[in-house]
Amino acid sequence: MAFIRRRRLEQELYSKERFSLLLLNLEEYYFEQHTANHIINKGCRDERKIRGSLKICSKSIIFEPDENIQPIIKIPLRDCISIKAPEDNEANNPFTRETSGGISVVCNQAFLIKERNIIAPYKTVRGTTEHLFQLDVAGKVGDVVQTLHQLYRASCLDKMGDQAAMITAILQSRLARTSFDKNRFQSISETLNMECKAEMVTPLVTNPGHVCVTDANLYFQPLNGYPKPVVQITLQNVRRIYKRRHGLMPLGLEVFCTENDLCSDIYLKFYSCQDRDELYFLIATYLENHITEHTAESYMLQWQRGHLSNYEYLLHLNNLADRSCNDLSQYPVFPWIIADYSSSVLDLTKPETFRDLSKPIGALNKERLDRLLTRYQEMPEPKFMYGSHYSSPGYVLFYLVRVAPEYMLCLQNGKFDHADRTFNSLAETWKNCLDGATDFKELIPEFYENDSSFLVNSLKLDLGKRQGGKTVEDVELPPWASGPDDFLQKSREALESQYVSEHLHEWIDIVFGYKQKGTEAVAAHNVFHPLTYEGGVDLNSIMDPNEKVALLTQILEFGQTPKQLFTVPHPQRILSKSSSRTSFHSISITESPVSLHEESFEDLTEESITLAWNNIAKLKLDEQYKIHKEAITGIAVTSNGSSVFTTSQDSTLKMFSKESKTLQRSVSFSNMALSSCLILPGDTTVISSSWDNHIYFYSIAFGRRQDILMGHDDAVSKICWRDGRLYSASWDSTVKVWHCVPGETLSNKKHHFELLAELEHDVSVNTIDLNAANTVLASGTKEGTISIWDVTTATMLHQLSCHSGTVFDAAFSPDSRHLLSAGEDCCFKVIDVQTGMLISSVTADEPQRCFKWDGNTILSGSQSGELLIWDLLGGKVTERIRGHTGGVMSMWMNEQCNSVITGGEDKQIIFWKLQY
C-alpha cells in the first residue's frame, strides 16, 4: 500500500520530530526555524523554560518542545494581538540583558497539539495569552520579528486572494535571495544543466525550494531544510516520468524510480510551465535510451492479452490520467466491485455478487437516479447530475483515517469527522453509496492491495462514539471475511475474477473513457460539475485574485475528474484459451477446459506454435537462391512444402523445387510486374496478381495459364483466397470480392467469376488481409489509411489515418482481436478490431516491408534486408538477423510457425529454419 508505506518510511526517518508540514494550514508555507526556549510564568517562583524549536510559517507560529510530553503550540497569526521584541528600557520588559533574544507574542487563541505525543484533535486555548520565546541567537530577533510583522499583515487582509498574493511575494523574495548549494552535489565532476525554483508536493502540503539537475542527478533543496537538507535522485535509477496537472495548471512533474509502485520518488510543482517542460526534456533525454515510454494504448494491449492484471492496468491508467498519491484531490480511483456485504460466503460465480460496472455509482439506484434526473432537467446551465464527486481528499481520508490521522486533522482544521460519519462498516458505506443523496464515492487502490492496516485502529485513536454509545474502533467487515487480511484477499480475487475481466472496460469508459464527457456522459448519467473536468476553467483568464483562490479551493476540495484517456469505446479483455495463444502461459491447469489426458490435436498444435514463437529468435538461415532478375513480391508453398512459387517485378512466376533445389518452371503472363501469388486448396492452381490490372490462374498440373480475370482498372496489388472467394486489392481504389467456380481443365472450360462486392476507397489500396472467420477484411492504402470492413454486408466498420505514407503490410492477430500494420513512416500500429481504437504504436529505425506476428511478437523484414524480432508490448527490437542485401519484400511462414521463406530486392529467396 503505497500511501501507507511512504507514511511509515517518513515516520521511521523523522521519528524524533513531532513537527510535520501537516500541522500547517492548507496552502501554508514553512519558512524557517530557530532553537529557543518557551518561558512560562516569567518572573514567578514556578518560572519554567521549555526547550524547543520555534517555526516561522506563513500563517502561524509553531513551537515544538523537545520533550514529547509537552504539547506543540500553534498560534495563528490572524489571532495575534501583538508581536514584539521588548526594548531593554521598557518598564514592562519581561527580559533582562542576561536573557536577551526574547519575542513576546500576545494572542487570543492558540492550539495545543500532540500532547504526550498522542495524535488527537487539537485542543483550543481561548482568551488573551502572552507567549514568551527566547531565541538562542539573540541577534536574529529583529529579523524574525520583522518577518512575523510582514506575515501578520498578510494574515489580516480581508480577502483570501490578497493574502495569497502577499505571501507569494514574500516567498518569491526569499527564493530569489537564495540558490542551490552546489556543495551538495554527489560528485565534483557533475555538470549543472539547469536550476530553478519549485515546490515539492506531498499530500495536502507543498514545500518551496530549489531544483537542480545535473548530468547524473536530480536534486531538490528545501528552502527550510525540512525534512532534510537535500533530496537527491540518481537519474540512472529513474524508470518513469510524468507531466502533471497540479491545481488545475500544467505545472507538475512526477518522477518514479520503480516500474509499478503507486507512489513516486518525488513530485515537483514549478512556478512556470516553461521550467517544468525544460526539466522534463532534460530528464527524458537522459532516459531516452534507458526506458520505453508507455501510452494508455500500449498498456491496454498488455492488459487485453493477459500480461497485466486488472489491478495493474487500473494503476497504470490512473497514473496516465494525472492521478497521484501525492495529490489527494487527484488520488487514484478504483471501482467498487463487490455488491454483497451480507452473505456468509462470497460467491464469485454469481453475477449478482458484483456491482454493475457499466454505470456510475450515482446511477446504480434507480429511485435516487430518477430524483437526480428531475433536478438535472430543471437546473439552469451549466447542468450537472451529481453535487459531489466520486473522488476527493475528504473521501480518500475517510477510508484512510486510521493510518493517516494527521492528514485528516490537517484537512479538517484539527478535528476528526463526527463518529457516525466515520468509516465504520463496509456494508454501511456501500449502502450509503447506493442510497445517500450526496454520496457517490468510489474506492481507492488500498482495497485491492495486501496491507489491511487501514481497516484496523492499531494507533488506538479516539475517533469518538456513535449514536447509541458504541466507540469507533476497527472497520466492521462483511460476514464472508474472516478478518481484514481475508477481506483484502477476497477483494483482490473479485477484482481479478472472470466477471470483472469481462466488464471492467465498461467502468473504464465511464471514468477514463468516452463516456466521461459530452453526450455519451449524459446518456450514461455520468455528468459532474463542469469545474471538475480538465479544461473546465482557465485560471489564467480570471484576473480577480480573490475569485481565483476561492475557485481553486472549491475545486481542490470537491475533487477532480481524471484526465480523459480514451475517446472511443474501450475494448473488452480477451479471456478464453482459444481466443489467444499469447496468453497461454497465464492459464493454469485447473482453469483449462481440457484435462491433461484429453488433449486434442488442436491443443498440441497450439502448444507447438507457442513454443515456436517463444524461440523465434533462434531462426537460422538454411539456404538461399537467386532465381529472379528483379525484386521478389510474393511467395506461395504447396501443402507438402516441396514446391515454392514466387512472383517478381521481373514479370515472372517461378516454381522452385525445395527437394531438388532447382528452378523447375518460369512463366511470364505479360511484360508487367507481378505483385503477389497464392496456391488454391488442392495444390492444382496458382493465382498471380499483376500490375497490368489482371489476375492470372496457372494450372500446375498442365503447366499453362488456365484463366485470366480482368477485374480492375489499375494495378492489382494483393490477392487473398478464402472458402471459394477471391479478394483482390487494386490501385484503382477498390477491393473486390469474387465468387469463383473452377472450370473443367480437361475440357478447357474457363472459370466462372461473379462479383459479389466492391469496397470503394478514396485512394489506391496497397494491401489487404482477412480475419480467421473470413467475416472482416482490413485494407491499407498508399496514403496511410487503414479501413476495416464487414465482408458479409460490404460495409465499413472503422477507418483510421494510421500512417504517413504507404501501408506496406497489414495482418490480423491469430485471435482476430487486433490488426497490425506496417508503413512507409517506419511505424507499426495496432488497432483493436472491435472498437476501431488505435491502441499501440511502435517506431522502427527504418520501414518494415512485411511481417508475421502472433499477437505479441513480430517477425518483420526491413528495408535494409535484416529480419527483426520485436517485443510488441515492450515496444523494442529483441533480435536482429542478417539476411538479404536489399529490402525484404515478401515473407511466408508455415502453419507450425517454425519455417520461414523470405524474398528480397536482392532477387533472392532465403529459407529459414527454427533451431531449438
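**Figure 1. The side chain of N217 forms a polar contact with the side chain of T234, at 3.4 Å.** The model shown here and in the following views is predicted. N217 is located in strand 10, which covers residues 217-222. With a relative accessibility of 4%, N217 counts as buried, because buried means under 20%. Beyond its neighbours within four places in sequence, N217 is in contact with Q186, E190, C212, Q232, I233, T234 and L235.

**Figure 2. F19 and Y226 form one of the 37 aromatic pairs found in a search of the whole structure.** The ring centres of F19 and Y226 are 5.5 Å apart and the ring planes stand at 75°, so the pair is classed as edge-to-face. F19 belongs to the loop between helix 1 (2-13) and strand 1 (30-40), whereas Y226 belongs to the loop between strand 10 and strand 11 (231-234). The pair therefore ties together parts of the chain that are 207 residues apart in sequence. F19 counts as buried, at 2% relative accessibility. Y226 is also buried, and its relative accessible area is 10%.

**Figure 3. F697 and F753 form a tilted aromatic pair.** The distance from centre to centre is 5.2 Å, and the angle between the planes is 45°. F697 lies in strand 22 (residues 695-699) and F753 in strand 27 (residues 752-760), so that the pair links distant parts of the chain, 56 residues apart. The relative accessibility of F697 is 0%, and F697 therefore counts as buried.

**Figure 4. Ring pairs join a set of aromatic residues into a cluster.** The members of this cluster are W336, Y341, F398, Y399, F423, W430, F447, F454, W480 and F487.

**Figure 5. Two lysines, K55 and K441, lie over the faces of aromatic rings.** K55 lies over the face of F19, at 4.7 Å from the ring centre. This F19 is the residue whose ring also pairs with that of Y226. K441 lies over the face of Y395, and here the distance from the ring centre is 5.1 Å.

**Figure 6. Helix 2 (residues 141-155) packs with helix 3 (residues 160-176).** Two packed helices are described by the angle between their axes and by the distance between the axes. For helix 2 and helix 3, the angle is about 155° and the axes are 8 Å apart. The two helices are therefore roughly antiparallel to each other, because angles over 145 degrees count as such. Helix 2 contributes T147, Q150, L151, R153, A154 and S155 to the contact, and helix 3 contributes Q163, M166, I167, I170 and R174.

Key:
Residues numbered from 1 in each chain as written. Predicted model: local features only at pLDDT ≥ 70, side-chain atom pairs only at ≥ 80, totals over all residues. Heavy atoms only, no water. Helix = DSSP H or I, 4+ residues; strand = E, 2+ residues; numbered from the N terminus. Buried < 20%, exposed > 50% of the residue type's maximum accessible area, 1.4 Å probe, protein only. Polar contact = N/O pair within 3.5 Å; in protein donor to acceptor, adjacent residues only side chain to side chain. Contact = heavy atoms within 4.5 Å. Phe/Tyr/Trp six-rings, centres within 6.5 Å; stacked < 30°, edge-to-face > 60°. Lys NZ or Arg CZ within 6 Å of the ring centre and 35° of its normal. Axes fitted to C-alpha atoms, helices over the stretch in contact; angles between N-to-C directions. Parallel < 35°, antiparallel > 145°, perpendicular 65-115°, else oblique.
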